[in-house]
Amino acid sequence: MKHHPYQRHKRRHFPEVSISESGNIRSLHLGTDTVQSAMNLDNPSELVLSYSRAMMAWLLFTDEAQHLTHIGLGGGSMVRWLDAHFPDLHQLAIEINPKIVAVAKSMFELPHEDENFEIVVADGAEFIRVLYGSTDVILTDGFDGEQIIDDLVSEAFFADCYHALTKNGIFATNLWSGDARYAVFVQRLAAVFSGKILEIPAATHGNVAVLAFRNLPRGISNHQLKQRAAQLTTATGTDFQDLFFAARAANEQRKLW
């Protein structure tokens with residue numbers, strides 16, 4: 001077993017992990033009825049929840065990512081989808097709750113750990129400091145069943161993620177637009193990334209994937225993004241064209257491309 005800096009086995013109180021099934025959909029819950037992750041038993045790699053599709057909007061802006069870090073594993077829906085469509089991408093999942101890891105492995109058809117997929121049980125807000133300048137993409141999805149984890153929306157955490165990214169790296173986080181602190185979280189992220197952020201509203205439930213860029217892609221245009229969206233839609237079966245139009249509509253004032 002690998003031992004990484006900041007890998008901890010602290011005794012903490014974690015919410016109860018439970019599973020429910022409705023038809024062909026298996027869902028993961030953390031102490032409440034709120035669905036944290038969902039899997040289509042007939043098509044495990046499908047991104048069932050709209051917020052998880054919104055989190056994939058980073059793919060519109062780069063096709064060069066080699067190393068991706070997940071902060072928060074949940075049921076592993078994004079891990080499965082990326083493994084199915086981008087099998088050469090190296091994925092590292094940081095999950096603080098060992099019970100979630102056990103349930104994800106036993107009930108949610110995670111890929112086997114190998115040279116392209118690794119799980120580390122650790123506090124993601126601490127562990128991200130290990131990855132200084134070495135990961136191309138960071139996807140953060142950290143809720144405790146009731147609200148987002150405070151440590152994952154602090155300016156210090158956003159700064160650590162900024163420094164963990166490679167030169168043209170992209171950070172994405174799942175936020176809840178109904179949270180009274182949502183605007184504060186976005187302002188913190190914008191301050192760290194010098195305003196280079198985009199909000200991608202999910203189709204349902206009020207989630208928003210907020211993307212932040214260390215450096216904006218050069219020479220990108222609406223035409224190129226639409227082409228990329230069409231290519232990704234064909235290749236993955238996920239509607240990236242909807243994601244493109246959602247991104248453009250929600251960020252008209254930012255003029256990032």
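Over the ring of which residue does the charged end of Arg214 sit? The charged end lies over Tyr162, 4.1 Å from the ring centre. A charge counts as over a ring if NZ of Lys or CZ of Arg is within 6 Å of the ring centre and within 35 degrees of the ring normal.

The model is predicted, so local features need pLDDT of at least 70 and side-chain atom pairs pLDDT 80 or more, while totals for chains, interfaces and linings use all residues. Residues are numbered from 1 along each chain as its sequence is written, and side-chain values use heavy atoms, without hydrogens and water.

**View 1. Ring pairs link Phe157, Phe158, Tyr162, Phe171 and Phe193 into a cluster.** Rings of Phe, Tyr and Trp (its six-membered ring) pair if their centres lie within 6.5 Å; planes under 30 degrees apart are stacked, over 60 edge-to-face and the rest tilted. The count of aromatic pairs comes to 9. Phe158 and Phe171 form an edge-to-face pair, because their centres are 5.8 Å apart and their planes stand at 70°. This pair ties together helix H5 (residues 155-164), which holds Phe158, and strand E8 (residues 165-176), which holds Phe171, 13 residues apart in sequence. Helices (H or I, at least four residues) and strands (E, at least two) are DSSP runs, numbered from the N terminus. Phe171 and Phe193 are stacked, with centres 6.1 Å apart and planes at 25°. Phe193 lies in the loop between helix H6 (182-192) and strand E9 (197-201), 22 residues from Phe171. Buried means under 20% relative accessible area, exposed over 50% and partly exposed in between (1.4 Å probe, protein chains only). Phe158 is buried at 1%, Phe171 at 0% and Phe193 at 0%.

**View 2. Helix H3 (residues 98-107) has Ile100, Val101, Val103 and Ala104 as its buried residues.** These residues pack against strands E1 (17-22), E2 (25-30), E5 (90-95) and E6 (117-121), where contact means heavy atoms within 4.5 Å. At the start of H3, a side-chain oxygen of Asn97 comes within 2.9 Å of the backbone nitrogen of Lys99. After H3 comes Glu109, with a positive phi near 50°.

**View 3. The axes of helix H7 (residues 222-236) and helix H8 (residues 240-250) come within 7 Å and cross at roughly 150°.** Axes are lines fitted to C-alpha atoms, for helices over the stretch in contact, and angles run from 0 to 180 degrees between N-to-C directions. Contacting residues include Leu225, Ala229 and Leu232 of H7 and Phe240, Phe244 and Arg248 of H8.

How values were computed: Polar contact = N/O pair within 3.5 Å; in protein donor to acceptor, adjacent residues only side chain to side chain.
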